[in-house]
Amino acid sequence: MKKRWTLLLSLLLLPCLAGGEEAFLLPSKQIYDRYGAPIRGFLSKNNTYYLPVSLNEVSPWLIAAAVAAEDKRFFTHAGVDIRAVLRAAWQNTKEGEIVSGASTITQQLARAVEPYPKTLWGKTREALSALKIERKMTKEEILEEYFNLLELGNLTQGVEAASRFYFNTQAADLSLSQAAFLAGLAKSPTYYNPLKHFARALKRRDWVLKKMLDNGFIDEEMYALAVSEKLELCSAARPFDAPHFTQLLQPLLPQESKDIFSTLDRDLQLYAEQVVKNYIVRLTEQNVTNGAVVVLENATGAVLAYVGSADFYNTQNSGQVDGARAFRQPGSALKPFVYGLALERGNLTPASLLADEDTFFEGGFRPRNYDENYHGLVSVRRALACSYNIPAVKAAELSGTSNLLALLRRAGFESLNKAADFYGLGLSLGNGEVRLLDLTNAYASLARGGVYKPVLFAANPIIRAPGREARLFTPQTAYLLTDILADNNARAPAFGLNSPLFLPFPFAAKTGTSKDYKDNFAVGYTARWTVGVWVGNFNATSMQKVSGITGAGPILHDLAVYLQEKYPAEPFPVPDGIVRAPTCLDSGLLAGENCPHTQEGVFDAAHLPGVCPGKHKVVLQTLKITSPADKDIFKIDPSVPLASQAVKWQAVCAADKCTWTLDGHIQAGSACQNWWPLEVGKHTLSVSCHGETDSLTFEVLP
C-alpha cells in the first residue's frame, strides 16, 4: 500500500519536478598529424572516449537493433512503457526476484544524464525525468542523445567511439551483425565485454538479431546471414605518439574542437624518436641519458617533429620531462646572433679581423677557447665557423650586451628575462638559459631571411605559440650568417672536413656546448626546414667530454639526411645587395693591387669594407700547429669515400715555409697548410722552421 501511495504522489508532483536536463559533454579530442594519421586521443570529462554524431550518421541497423533489444514500443510510448512495467512486475513477483526490467530508451537516457539510485523512489524519479524528456524532445532527438551518451565498455561512450574501437569503422557504416553486436553490449558492457568475454557478446548479438526478426525488422534470410557472419574485433588503435608534443598542445585546444589536425609528420616523428634513442644508448658509457629534437618548417613555423626525451617511459632518467622546453645553457649556439647584430650595425663584415688572444674583459671576464688555444688574427667568418670564444665576446662588446639581449628577446628567447648586467658579456657564450624549441625557431628565422614567426602547432584549428611576427635582421645579414654557417672549409680547422655538420647539400649548422659538458646543442637548417637537437642529462650531471659535435651533431646529421629526402630543399636564395669581391686576408679589407694573400669574400653592399692600401705589417709569431689540435680524435665515415676524407695540417710560421714530420717520416713539400688523407691509428705530427719545432698527437678511428 505504501509503495502505491508513493507512486501516486510522484505522478501528482510531476509538473513540479525538475527532471533530467539534456546532457552537455565536450567530445574527446583526437589529435592527428598533418596527413590525417592519428597521434593521440584525450579522454572526455567523464574519462571516456566520446565522439558525438548526429542521428543521420548512425547506421539504420543500429537504430533497429537498439529498439528491438531495449524498447520495441519506443515510437509509441510517452517515455514509460506501462505494458513493459506490468510485465516486468508480474515476472519479478512470480520468480521472487528481479528477472526482467522495463526501462525504456528514454529512461536509459535520463539515467545517463543523471544517475538515480536503484530504489523505488529512484526508479520513480527516473520515470518522471523520462516523461519530461519526451515532452521536450522529439523521438529522433532522444535517439541521437541516447546513442551519443551510451557507454559500451572499454572507456567508449557513444556508438561512434564504440564503432571505431571495436570494428575500426564509423557508426554509419556498421553492418547488421555489427550493429546487433553493439546494441547487445548496452545491457551490461562489463558482463559482455568483448575483449574479455567475446563468446558472451556474440551470444548476446544472436539474441538481439532474434529480437529483430521477431519484431519484423529483418526477415529470415537477413537473420541467417547476420548470425553466420564471422565477426572479428578490428580495434582502431589508440595511439600514444609524440607524448611531449601532445601534452604541450592539450591546454591550447579549443573546447569545441574534437578533431585537431596538428602540423606534425608522424613518420618523421617516429624516425626522430628512434634516432635519438639509438644515439643516447651509444653514449651511455659517457654519462649521457637523454636527448631532444625539434624540427620546424621554415615557411610557416610549423612543428614537423618534437621529441622531448630519449624514452618517455623511462622514469629512472626522467623521461617525462620535456627536453624541448627545458631551460638549458646553449653555449656557443647563440653566436650567430652575436655576429649578426654586429654585421647588421655595420660594426663588422665577414672578412673583419678579430684578435683571438688571451683577453680580460670588463669585470675580469677571461674566456677561453674550447681547444684551449689562441689563433691570432682571425676573420669573422672563421671565428664564427670554428666557434672561437674570444672573438665572439669582442663582437658582443662592439654591439653592447643590452642590444644583444634585446635582439634575443625579439627572437623569442623569453627565458632571458634578467637584466643585461646579470648576464654581462657572457651572454654571447650562452650563460643564459633557453629552450630548444625557442633556439630552433630562432635559427628558422635566419633560414627565412631574418624574419621571426611564432611556432605553429596545429593547422586546423590554427594554434600558434604566443608572439608576433618580427624582423630580426635584413635579408642580407641573414644570408651572410647562413653563408658562414654553411661554409665547410671555414669550420674545417676546428671540426675537420668530414664532421657531422658536413652534408652533400646546402646546409647551415652550428653547435653549442655548455660549461662542464652539462648540455650540448646542434642546430642546422636548409631553405625549407630547421632541426634543433639537445643532448644531456635532466639531473644536470656532466657528460664525459661529449660536445655538440660528438653528442648532438650525429643526431642532427641523420635527421637532416632523412629530411632532405622527404622534404628536399633548394639552395639558399641570394637576396639583392649581396656582393662577392676579392678580400685581403692580411687586413680584412677589399683587396688592393698590392695584396699578396687574397680570397673571395661575401658582403652586404650596404656595409662594404674599404680597399686595402697594400701596406701589410708582418707580425712575427712563434711557430705553432693550429690544426689539428693536440689529442684530436677523428673517425672515418663509412658512408663517404675514403679518398675524400682528410684532415687539415696548418701551422703559424713567420717564414711561411714548413717541414712536416709524421710518425718520424719527413713529408714532401714545404707548405704550411695542406690536407692529409686519413689513416687509421695513433699519430705524432711535428713541424719545424728555422730551428723552431712544434708537435702534437692525434688519433684516427676506423
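User: How many disulfides does the count come to by the rule used here?

Analyst: The count comes to 1 disulfide, where a disulfide is a pair of cysteine sulfur atoms within 2.5 Å. Before we go on, a word on the source: this is a predicted model, in which local features need pLDDT of at least 70 and side-chain atom pairs count only at pLDDT 80 or more, while totals for chains, interfaces and linings use all residues. Residues are numbered from 1 along each chain as its sequence is written, and side-chain values use heavy atoms, with hydrogens and water left out.

User: What makes the link of cysteine 658 and cysteine 672 a disulfide?

Analyst: Their sulfurs are 2.1 Å apart, and the limit is 2.5 Å, so the pair qualifies. The angle about the S-S bond is 90°, and the link is right-handed.

User: Which parts does the pair of cysteine 658 and cysteine 672 tie together?

Analyst: Cysteine 658 sits in the loop between β21 (646–652) and β22 (659–662), and cysteine 672 in the loop between β23 (665–666) and β24 (673–677), so the bond ties together parts that are 14 residues apart in sequence. Strands here are DSSP runs of E with at least two residues, and helices are runs of H or I with at least four, numbered from the N terminus.

User: Why is cysteine 386 called buried?

Analyst: Its relative accessibility is 5%, and buried means under 20% relative accessible area (exposed is over 50%, partly exposed in between; 1.4 Å probe, protein chains only). Cysteine 612 is buried too, with a relative accessible area of 5%. Both cysteine 658 and cysteine 672 are buried as well, and 53% of the 702 residues of the protein count as buried.

User: How do you know whether the protein is spread out or compact?

Analyst: Start with its make-up: the protein has 21 helices and 26 strands. Its radius of gyration is 36 Å, well over the 27 Å that the globule rule gives for 702 residues, so it is more spread out than a compact globule. The radius is taken over C-alpha atoms, and the rule is 2.2 Å times the number of residues to the power 0.38. Along the principal axes, the C-alpha atoms fill a box of roughly 120 × 50 × 45 Å.
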